[in-house]
Every structure is written in C-alpha cells, then in structure tokens.
Amino acid sequence: MEGEMKSLIKVGLSVIASLSYCYFVASRIPKGKLRLLSLVPIFCLFTTLPLSLTTVLPTGITALFIAWLANFKLLLFSFDLGPLSTDPPKSLPLFIFIACFPIKIKQNEKHPSHQNHQKLIKSSKSPLKLPQNLPTKAFLFTILMVAATSYKEHGHPKMVIAIYCCMVCLLVDIVLGSCNTIVRAILGIELELPSNDPYLSTSLQDFWGRRWNLVVTNILRHTVYKPVRSVLETVFGPQKWAPLPAVAAAFLISGLMHELLFVYVTRVAPTWEVTMFFVLHGACLVLEFWVKNKLLSQRCRLHWAVSGPLTIGFVMVTAGWLFFPPLVRNGVDARAIQECVSALDFLKAKIEWA
C-alpha cells in the first residue's frame, strides 16, 4: 500500500507538471499541427502513467481520467477546441482541473478567468456538501459488494453478473459525482451531472446519448462523432445518413479505449470482447434509429414500460456476454472488491481512532 501511494503521488506530480507545460508553453504555439506536435510527449506520458500502478481501482481511474479523457481533451486543445480552449481564458488551476477530472461546466456558467479566479474562490464560502443521493449510492454499492461476494461463492453466475452491472452503474456515479463535488467546492462553479438516471432509459439512444456517463459521451461527440460527420458531409454533401457512420465510429473508438483500460487493469493481451460489446451496441443503436425514423410512426412505438426493461435487459445481457468476462476471467472483480473492503476497513479504523 505504501508503495502504491508513492506511485500515485508521482503520477499526480507528473500530471500537474505536464499540464503546466500545456498551459504555459503549448498554448503559446499556434493551434493546429505545430501545437499537436508539441503535445505528443504528453500523450505518450499520459498513456503510460497507469502502468506505474498495480491496484485495480487507482489504475482504472487513472486510465480513464488521464490516459483517455485528458488525452482526448488535449487533442481538442491542439486545435483550440473543447473545454481547454483558450477562449475564454482560464486560470492554471481551472485548466488543470478541467483536464484531469471528468467534469463539464454548465453552459450558462462562465469560466473563471485568471484575474477573478482567486476572488471567486474566496467568495465561495459554502462548505463541502455531498449530493443528497451520493451517500445512498455508496450505501447501496456496499450492500451489493457484500452480495456479490456471497453469490460468487454460492450463487448463480448470472446473478453475479446482474449485481456487477448495478455495481458498475453505482461506482461510476460515485466516482464522477465525488469529482464534481470536490471541484465545485474548490472552484465554486456549477457542473453538469455525470449521469442522468441510466436505469430509466427507454432506448439505446436514450441510454448512451442522454443518460449514461455523459462526460465520456460529450468527449466522443467532439473528438469522433462531429469530425467524422463533417468529413462525410464534405465528401458527399449534406446527407440524412451521415450521422449513422459517425455514431458507429464513436462506438468503435469507445470500444478500443475500453479495451485499453482493460489491458491496464488485467495486464494481459486484449481479447477484443469489450470492443465487440461497443461495436454491437453501436450497430444496434444505428438499427434502432433507422427503424424508429423510417419504419415506425410515433403511434407504433413501444410504451416506456415495455421499452425500458427491454433496453436495460439488453444492456445487462450483452454486458454479461462480452463486457465482464475479461475482468472475471483475470480476477479483476475479486481484486477490486478486496480493495474496496480494505478501504472501508481503513476508514473505519481512522474513525475509531479519532
């Protein structure tokens, strides 16, 4: 544990130093190919940083936050686009927080400038407050963690997968929600919710586009979907079908990035199962969009009480088939649960000592 903490500190310092370089040096380079070239060493460093960690959860979180999201934000920054763009100007702390945390500032919220950032922090005297449902989600996650451990030893494997689906949903909300809380408390800015009740989804389009992990969805929209659609419309002219290949491309890139995350936490060669999971969902979403808009009228569409369970059921079944097997096969699930138990024991000991 002590060695892992030292590695985490080194990773954190490396990220801060790298982003400071991006802020003070790369931002002065004209946008485009030259700035992109100046950021290549940062891309390489961020891609290798998760390999310096050994535990599952810190490795996975670092891989998601830094190797994926931060790199994609810096890719947009190369062309002065995305959340790190120089318009409006940002202070260094805000630049670093936006780069390395999965957050999105509300559209009606102004970016704190370099001049008024310190005033904003001083004027924000509200204490750190957790969202009302975050403790509830943490409690439910703990219960499911205990249930998963019990069912894995004595229960049905499909029940374990169903529990894992719920745990992943809660864990993503807990981690991203905690980041939102910390950044909001430090910077005093309003942030958009990381998820929007994905269990209420009534279609794949609703699940992936408007409810699940909206930070990743937004990054893929700007780095993959919009460029691919723009290229298609440039080549073929405005076409009604142009969004469909762009959606498929976004799911393909998402699958490849998830495959990379799995390599970080499993340390084994990719099996491409998780890539197939996202390619399958991309194809099904394109098919769903085509059927809803070409074959079915508004009156013929399924009621939400039917489409909702069908959507969630499809996500859970395909996750059990393609998403979770690489993790379970390599013992990542057991290691992650043990890390959570160790963290809870550590907190309990600290509370009792205090």
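How many disulfides does the structure hold? The structure holds 0 disulfides, a disulfide being a pair of cysteine sulfur atoms within 2.5 Å. The sulfur of Cys165 has its closest cysteine sulfur in Cys166, and because the two are 6.7 Å apart, they are too far from each other for a bond. Cys340 is likewise in no disulfide, the nearest cysteine sulfur being that of Cys179 at 15 Å. Cys165 is buried, with a relative accessible area of 14%, and Cys340 is buried as well, at 13%; here buried means under 20% relative accessible area, exposed over 50%, and partly exposed in between, with a 1.4 Å probe and protein chains only.

This is a predicted model, in which local features need pLDDT of at least 70 and side-chain atom pairs count only at pLDDT 80 or more, while totals for chains, interfaces and linings use all residues. Residues are numbered from 1 along each chain as its sequence is written, and side-chain values use heavy atoms, with hydrogens and water left out.

The largest nonpolar core has 91 residues, where a nonpolar core is a set of buried Ala, Val, Leu, Ile, Met, Phe, Trp, Tyr and Cys residues joined through side-chain atoms within 4.5 Å. Helix α8, residues 157-187, gives the most to this core, with 14 residues; helices (H or I, at least four residues) and strands (E, at least two) are DSSP runs, numbered from the N terminus. Among the residues with the most contacts inside the core are Leu19, Phe46 and Trp208. Leaving out residues up to four places away in sequence, Trp208 touches Thr217, Phe251, Phe277, Phe278, His281 and Leu285, contact meaning heavy atoms within 4.5 Å. In soluble globular proteins, nonpolar side chains tend to be buried together.

Some nonpolar residues lie on the surface instead: Leu252, Leu256, Trp272, Met276 and Val279 form a patch with about 440 Å² of accessible area together. Such areas come from the Shrake-Rupley method with a 1.4 Å probe, and for residues only the protein chains shown count as cover. Patches are made of residues with over 30% relative accessible area and no salt bridge, like charges being joined within 9 Å and nonpolar side chains (Val, Leu, Ile, Met, Phe, Trp, Tyr) within 5 Å. Helices α11 (243-266) and α12 (273-295) each supply at least two residues of the patch, whereas Trp272 lies in the loop between them and is partly exposed, at 46%. Phi of Trp272 is near 70 degrees, a positive value in a residue other than glycine.

The structure holds 7 salt bridges, each a side-chain nitrogen of Lys or Arg within 4 Å of a carboxyl oxygen of Asp or Glu. In one of them Lys137 pairs with Asp173, the closest N and O atoms being 2.8 Å apart; this pair links distant parts of the chain, helix α7 (residues 134-154) and helix α8, 36 residues apart, and both Lys137 and Asp173 are buried. Arg229 and Glu233, by contrast, both lie in helix α10, 4 residues apart, about one turn of the helix, and their side chains meet at 3.1 Å, N to O. Glu273 forms a salt bridge with Arg329, with the closest N and O atoms 2.5 Å apart, and this pair joins helix α12 to helix α14 (residues 325-329) across 56 residues.
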